[in-house]
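Here are some notes to read alongside the model, written for someone opening it for the first time. Take them in order, with the structure in view.

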Amino acid sequence: VNGPSDNLMCAVRVHLISEADTDIICPANEAPFHDMHCCKDKEHLWRFEDLECEGETNLVFNASLPISLDNEQKAVRALVDTLKWIYNAIPGGTSEDDDKLLENQLRLDDSRETTASSALRYRAREKLLIEKAVQDLEEI
């Protein structure tokens, strides 16, 4: 699998959506609130009731595609920042540092897999995975 899933990207895009992006996926109708439901055939959308479109809708949302360039850049930046925060929260240095610690631990334990060496191996793999994900996202 390359990059984040469509579901994750959709969630981040929607979380970061702006008013301008909303008008892209649901083109604005007549003022004041007629774009609330993306309906072409409703007139009184200001009422507080659950309205359904009886006819055609203006909705042009595809969960697997970017909403706008600005929104996509914000979504990728948010994912990169989150991954970097997680990476920095993991104790130790880089994944290469953890590999060296693992080699030393295995030498001390006569090449037997112990709890300490398993924890170091796990931490090194986690960091390597995050490093690769950040690198892939920054190439987008």
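1. Starting from the N terminus, the elements of the protein chain follow the order α-α-α-α-α. In this predicted model, the protein chain has five helices and zero strands.

2. Of the 140 residues in the protein chain, 27% are buried. Among contacts with a separation of 6 or more, 59% are between residues 24 or more positions apart.

3. Helix H3 covers residues 69-89, which is 21 residues. From first C-alpha to last, H3 reaches 30 Å, close to the 30 Å expected at 1.5 Å a residue. Its buried residues are Asn71, Glu72, Ala75, Val76, Leu79, Val80 and Tyr87. As background for reading such a list, an α-helix has 3.6 residues a turn, so residues three or four places apart point the same way.

4. Next, please look at helix H1, residues 6-15. Met9, Cys10, Val12 and Arg13 are the buried residues of H1, and the buried residues of H1 pack against H3. How do the axes of H1 and H3 cross? They come within 9 Å and cross at roughly 110°, which makes H1 roughly perpendicular to H3. The crossing of H1 and H3 is right-handed.

5. Now for the residues in that contact. H1 contributes Leu8, Met9, Val12 and Arg13, which meet Asn71, Glu72, Ala75, Val76, Ala78 and Leu79 in H3. Sorted by class, the contact of H1 with H3 has seven nonpolar, one polar and two charged residues.

6. Is Glu72 buried or exposed? Glu72, which lies in helix H3, has a relative accessible area of 15% and counts as buried because that value is under 20%. Not counting residues up to four places away in sequence, Glu72 touches Met9, Arg13 and Pro66. Gln73 also lies in helix H3, but Gln73 is partly exposed, with a relative accessible area of 48%. The C-alpha atoms of Gln73 and Arg13 are separated by 9.4 Å, although these residues are 60 residues apart along the chain.

7. H3 has another partner to visit, helix H5. Which angle do H3 and H5 pack at? The angle is about 160°, with the axes of H3 and H5 10 Å apart; H3 and H5 are therefore roughly antiparallel to each other. H3 passes H5 in a left-handed crossing. On the H3 side the contact is made by Val76, Arg77, Leu79, Val80, Leu83, Lys84, Ile86 and Tyr87, and on the H5 side by Lys127, Ile130, Glu131, Ala133, Val134, Leu137 and Glu138. By class, the residues of the contact of H3 with H5 divide into 10 nonpolar, no polar and five charged.

8. Arg121 is in helix H5, residues 115-138, and is partly exposed, with a relative accessible area of 24%. What is Arg121 in contact with, leaving aside its neighbours within four places in sequence? Its partners are Leu102, Leu106 and Glu113. For Leu102, 19 residues apart from Arg121 along the chain, the C-alpha atoms of the two are separated by 6.5 Å.

Key: Residues numbered from 1 in each chain as written. Predicted model: local features only at pLDDT ≥ 70, side-chain atom pairs only at ≥ 80, totals over all residues. Heavy atoms only, no water. Helix = DSSP H or I, 4+ residues; strand = E, 2+ residues; numbered from the N terminus. Buried < 20%, exposed > 50% of the residue type's maximum accessible area, 1.4 Å probe, protein only. Contact = heavy atoms within 4.5 Å. Expected span 1.5 Å × (residues − 1). Axes fitted to C-alpha atoms, helices over the stretch in contact; angles between N-to-C directions. Parallel < 35°, antiparallel > 145°, perpendicular 65-115°, else oblique. Left-handed = near helix turned anticlockwise from the far one by under 90°. Nonpolar A, V, L, I, M, F, W, Y, C, P; charged D, E, K, R; others polar.
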